[in-house]
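User: Please take a close look at one part of this model. Keep it brisk, and tell me what pairs with what and what touches what.

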Amino acid sequence: MSEHVQRFTSKANELTPEIYQQKVYPKQLVQIVRDDQVIHGWRAEKVHSSDELSNLVLGKGDEVTLDFGDHIVGTLSLNIKPVGSPPDAPLYLKVTIGEMPVEMAVPFSEYEGWLSRSWLQEEAYHLDVLPAELHMERRYSFRYVKLQVLDTSVKYKVSFDGVYCTAVTSADRSVLEPYEHEDAELMAIDAVSIKTLEDCMQEVFEDGPKRDRRLWLGDLRLQALANYETFKNNDLVKRCLYLFAAFPDDKGLISANLFMKPEIIPDDTYLFDYSLFFVATLHDYYQATGDLDTLQELWPTAYRQIELSLGRLDERSILQDDNTWWSFIDWHQELNKQTASQAVLIYNMKLGLVLAEHLNDQKQDMLKVQIDKIQSASLEHLWSDELNYFVSGREEQISCASQIWMVLAGVVENEKAKELLLRMLDEKSALPLTTPYMVHHLIEALIQVGERGRAVTEMKNYWGSMIKDGADTFWELYDPNNKNFSPYGSYLINSYCHAWSCTPTYFIRKYKL
């Protein structure tokens, strides 16, 4: 391990957070019923209070579904008793754990998506000795738990004397400032946002506690913004910044994400926009904390991301759009990402310039020259006077992402920026957004141009609709016009508690919406 890696890793390890634990019990017993009027076609309907669980006797083929009443991340424990004759065969038990009612209804054996089925949360146990206290070792992300007795013997059945979850998070709710608003919908959105962030805060800011469970740089940037307005665990942001800085590739490029176990391993996935967002995340951290020592130590890593990105520009100062790169931007399958990525570069260069000025770094002069050059090139080559929009790629695609990012980057300013965003929303002719991640940037852009009222409307239309569709934490993916949307081939594998969805609380609290 190099001295550089060892120093940064040691600093990150010193910032490992305390994990808070709390026992949480089921709130009620439910049955999952078909309902074509709700998302995914299934809803939970109460059949008993949770007090009735220990009175139920289950034999071969019987099942019960528990509703914990809210989203939880943690480990499950089951107390199981035999009923009848002494057990003369093992209990064969299946436990299905899910965030949404559909996960309790649709057999995971029917899953045909391209992500590994092993992310779907189900376990089977043979218990030779009863009574037993089963402590399930894996950490789960869920609201619902289905217990199925696959087999016992003809001589005995079982009851569940107690079920609980040991919930875990590094978020400290005691530091949350109360939020009161005359608008009940905004209060609900704020509460669900905070719960989403809380359940994603573990030893690092995870992208999703059900699936991936990794530290992703794009998610970290948004989680950190929400954190500054809520839990204020700024050391956790600092820890994550040092972890990314500790493991660049041989050129200095930062990976899109890190695996945390059994040791820190940088993924071999590199995203153009995510690497650049190290600059923005460091900028936001410094703005929130004034931590000059960390800025000085991590600035070379941040600047290197800009330097490497500039290498993708052609002779016109426009990003080369070919198959040798990958920029995320949004999940829409048809999205051309050239123009939005060009704007992401400008956006991060401007934040990098702010940092260079704080450090009195001589690179600020070069940054000013390059920003002016790239911004001028963007207006010359990516703006269409004929179409009155920014266009992207050889096909001159018009997308919401391109317009939003060019506004955020300040390539168009003031009244022209406002007019562009409002026309884009009203005409509905641009390629739409598909994730809360990109909708976050729409809200940020609307606030930036002074359209606070429209920002609130769009936030309610999106995150408010998610709550109406049953969200107790906000989801990785949500398309109000196609509620079964999944880029993975099945909505069963979607994450229904996801880091990049937590930012309404940032807008509500920072901008006093």
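Analyst: Start at Leu-215, whose bridge partner in β11 is Leu-258. This is a predicted model, where local features need pLDDT of at least 70, side-chain atom pairs count only at pLDDT 80 or more, and totals for chains, interfaces and linings use all residues. Residues are numbered from 1 along each chain as its sequence is written, and side-chain values use heavy atoms, without hydrogens or water.

β11 spans residues 257-259 and runs antiparallel to β10, with 2 bridges between them. Strands are DSSP E runs of at least two residues, and helices are H or I runs of at least four, numbered from the N terminus. Pairing takes at least two DSSP bridges.

Step back to the whole sheet. It is open and has 3 strands, in the order β10-β11-β12, paired antiparallel. β10 (215-216) is an edge strand, and so is β12 (265-266). Each of these two pairs on one side only.

Now move to helix α3. This helix covers residues 184-200, and Val-192 lies in it. Val-192 counts as buried because its relative accessibility is 12%, and buried means under 20% (1.4 Å probe, protein chains only).

What does Val-192 touch, beyond residues up to four places away in sequence? Its contacts are Ile-467, Ala-471, Asp-472, Thr-473 and Phe-474. A contact here is heavy atoms within 4.5 Å. Thr-294 is another matter: it sits 102 residues from Val-192 along the chain, and their C-alpha atoms are 32 Å apart.

Terms used: Buried means under 20% relative accessible area, exposed over 50%, partly exposed in between (1.4 Å probe, protein chains only).
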